[in-house]
Amino acid sequence: MNNFIMKAIKLLLLTVIFASVTFSCSKESLDTPIQGLNPSEYYQELNISYGSDDGQKFDLYLPKNRSTSTKVMILVHGGGWSGGDKVDMIGFKDIIRQDLSDVAIVNINYRLANDSRSPYPMQIDDITSVINHLKEHRDYYVISGDYGFFGVSAGAHLALLWSYAFDTGDDVNMVCSIVGPTNFTDPAYLNSTDPNIRALMDLYGVAASTEFLEEVSPYHRVTAAAPPTILFYGGQDPLIPTTQGTAMRERLQQLGVTHEFTLYENAGHGWLGLELLDTWSKLKIFTQTHL
């Protein structure tokens, strides 16, 4: 099969993947062996509970021939902090398993925000609980304590915020944001009259203080100790102003944090085709280098 056909097949696969995430194969859970898992065999388990709430579940995919050096990629779905599901990330899970076959994958759900419960710190606490679970079961799963984050939209915001401000064990080796909000004090947010943007902002509190908005903004929480970061944004995104990406890039530059940044000038809140192929090509190399 020549290179052109191989590229066409991968492009088709990636297009299907991102379409499912932007416009939002499940197997039954395998019985957990009483003894430790066999690291020479592939293992998956779905809907592992890490808390008492129905939303506190994750899916686990462990590669065969793994060891205590096997790195872990954590997928965080989008949905405006109040919607979405880990099923939205299944396509990304599949392409990671295909192209980065030695990486363990954790695809998480988290408690969704509503009128009675704010996304912060609830969803950050959920990510902490997932990390604690993985650490506690590290020997059983036969994985390392080195993690990467791959988030989309609201999930990208959570991935960045946790990696920058809550990784007290310095366990995150890299983080990827695809169209993730980074700075809620950005005038493009604060001064917006768009009802969709206002609704997202109001989840973090109507007339929230500047101090609180800075607390929940990766832009304001990042330090020079932040893990390598790769960012992707669309120049025509109706929900994420371009400045969310460009200002984050400049802040990372100022701090000397290893990073990559890509802006697709004509893309919106997600993209397909050659731009998507470019995204995965860059993310794959970044992951191989830093995770």
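Reply: First a term: contact means heavy atoms within 4.5 Å. This is a predicted model, where local features need pLDDT of at least 70, side-chain atom pairs count only at pLDDT 80 or more, and totals for chains, interfaces and linings use all residues. Residues are numbered from 1 along each chain as its sequence is written, and side-chain values use heavy atoms, with hydrogens and water left out.

Me: OK. What is His77 in contact with, leaving aside neighbours within four places in sequence?

Reply: Its partners are Gly83, Gly84, Asp85, Lys86, Met89, Ile108, Asn109, Tyr110, Leu112, Val152, Ala154 and Gly155.

Me: Is His77 buried or exposed?

Reply: His77 counts as buried because its relative accessibility is 0%. Buried means under 20% relative accessible area, exposed over 50%, partly exposed in between (1.4 Å probe, protein chains only).

Me: Where does His77 lie?

Reply: In the loop between strand S3 (72-76) and helix H2 (90-99). Helices (H or I, at least four residues) and strands (E, at least two) are DSSP runs, numbered from the N terminus.

Me: Which side chain does His77 join in a polar contact?

Reply: That of Asn109, at 3.5 Å. A polar contact is a pair of N or O atoms within 3.5 Å; within protein, one must be able to donate a hydrogen and the other to accept it, and residues adjacent in sequence count only if both atoms are side-chain atoms.

Me: Switching to strands. How many residues of S6 are buried?

Reply: Seven of seven, across residues 172-178. S6 pairs with strand S5 (residues 147-152) in the parallel sense, over six bridges. Two strands pair if DSSP finds at least two bridges between them.

Me: What stands opposite Phe149?

Reply: Val175 in S6.

Me: And which strand holds the residue opposite Ile178?

Reply: S7, where Phe232 stands opposite Ile178. S6 and S7 also pair in the parallel sense, over four bridges.

Me: Now H10. Which of its residues are buried?

Reply: Gln244, Gly245, Thr246, Met248 and Leu252. The elements they pack against include helix H5 (154-165) and strand S7 (229-234).

Me: What follows H10?

Reply: Gly256, with a positive phi near 75°.

Me: Last one, Leu291. Why does it count as buried?

Reply: Because its relative accessibility is 8%. Leu291 sits in the segment after helix H11 (273-290).

Me: How many residues apart in sequence are Leu291 and Asp146?

Reply: They are 145 residues apart, yet 7.5 Å apart in space, C-alpha to C-alpha.
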